[in-house]
Amino acid sequence: MNQDLLGRVALITGAGAGIGRETALQMAARGAVVCVNDIKEELVIPVVDTIKDRGGKAFAVPMNIASREGIRDAIRRSFELGGRFDILVNNAAWVRYQAIPEIMLETMDRMLDVGFKSVVWGLQEAMAVMDPQRGGSIVNVASVAALRSAASSVVYSGIKAGILGITRAAAAELGARNIRVNAVCPSAVPTEGTQRNRNAERDANRIARTPLGRLGTVEDIARAICFLASDDAGFITAQALTVDGGITLTNI
Ligand SMILES: NC(=O)c1ccc[n+]([C@@H]2O[C@H](COP(=O)([O-])OP(=O)(O)OC[C@H]3O[C@@H](n4cnc5c(N)ncnc54)[C@H](O)[C@@H]3O)[C@@H](O)[C@H]2O)c1
């Protein structure tokens with residue numbers, strides 16, 4: 001595979017499963033030293049082992065990133081382990097879909113802590129450790145839910161739309177340090193996290209409305225994240241790249 005990330009040190013949050021895990025595997029295959037984060041240590045170790053078995057470089061960074069200290073420590077640890085820090089992928093999320101009357105404080109707080117606040121605190125720490133000469137790249141995993149919404153997703157859609165705002169504002173502020181900040185907006189892709197909300201009928205309906213005629217895969221999303229993290233995207237910042245087979249902007 002193209003070694004376009006050779007020697008770059010990357011931290012991927014929530015990389016024990018789904019999109020994060022596949023991004024870790026692809027970045028390692030492209031030469032990056034990958035710091036694999038997840039709150040569940042038992043998920044981190046197999047990802048690190050797989051990368052090493054394939055000849056790549058990886059470190060385990062099992063931590064809860066849902067606090068200022070948590071994401072700060074994950075970034076500092078990655079910097080110590082890798083000797084530098086180039087790429088941050090804010091991928092971790094904890095998600096519940098609740099109708100408006102059912103939204104609970106605990107649920108909303110946890111979604112915000114994992115999926116929103118950690119992105120802000122992550123920016124603060126990443127800019128502190130990214131090399132001022134070489135800069136860096138931050139990729140935030142948003143969602144098509146930032147662009148189009150369905151019922152029972154007030155909190156999720158709000159957070160993901162907020163992630164796009166953070167992406168643009170951070171790109172404006174960090175451009176002078178050569179730090180690029182972009183987002184990806186995936187449509188529904190099968191992962192451990194989405195299993196409970198999927199069924200055959202819903203998938204068939206989605207496929208029928210998708211111009212490219214299939215569901216997305218974690219591989220599709222990870223390739224877009226790797227592109228935005230790489231020098232091929234060297235003049236791209238403040239963007240949200242929708243990876244959805246065309247479903248979001250069609251079928252009006
Ligand atoms: N899968 C989809 O259909 C889809 C679509 C659009 C956007 N997204 C976004 O993509 C990202 C990944 O989604 P996924 O479906 O791969 O998720 P997933 O649930 O399969 O995996 C997420 C991982 O994050 C970890 N995690 C949760 N809280 C954490 C914490 N506090 N600290 C560290 N790790 C934590 C989990 O343990 C899990 O391993 C999320 O931001 C999600 O909102 C997913």
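Leaving aside its neighbours within four places in sequence, which residues is Ala222 in contact with?

Analyst: This is a predicted model, in which local features need pLDDT of at least 70 and side-chain atom pairs count only at pLDDT 80 or more, while totals for chains, interfaces and linings use all residues. Residues are numbered from 1 along each chain as its sequence is written, and side-chain values use heavy atoms, without hydrogens and water.

Once the neighbours within four places are set aside, Ala222 is in contact with Glu22, Thr23 and Gln26 (heavy atoms within 4.5 Å). Ala222 itself belongs to helix H7, which covers residues 218-229 (helices are DSSP runs of H or I, at least four residues, and strands runs of E, at least two, numbered from the N terminus). Although 200 residues separate Ala222 from Glu22 in sequence, their C-alpha atoms are 6.1 Å apart in space. With a relative accessible area of 0%, Ala222 is buried (under 20%; exposed is over 50% and partly exposed lies in between, using a 1.4 Å probe and protein chains only).

The whole structure holds 1 aromatic pair (ring centres of Phe, Tyr or Trp, the last by its six-membered ring, within 6.5 Å; planes under 30 degrees apart are stacked, over 60 edge-to-face, the rest tilted). Tyr97 and Tyr156 form this edge-to-face pair, 5.4 Å centre to centre with 70° between the planes. Tyr97 is partly exposed at 40%, whereas Tyr156 is buried at 14%.
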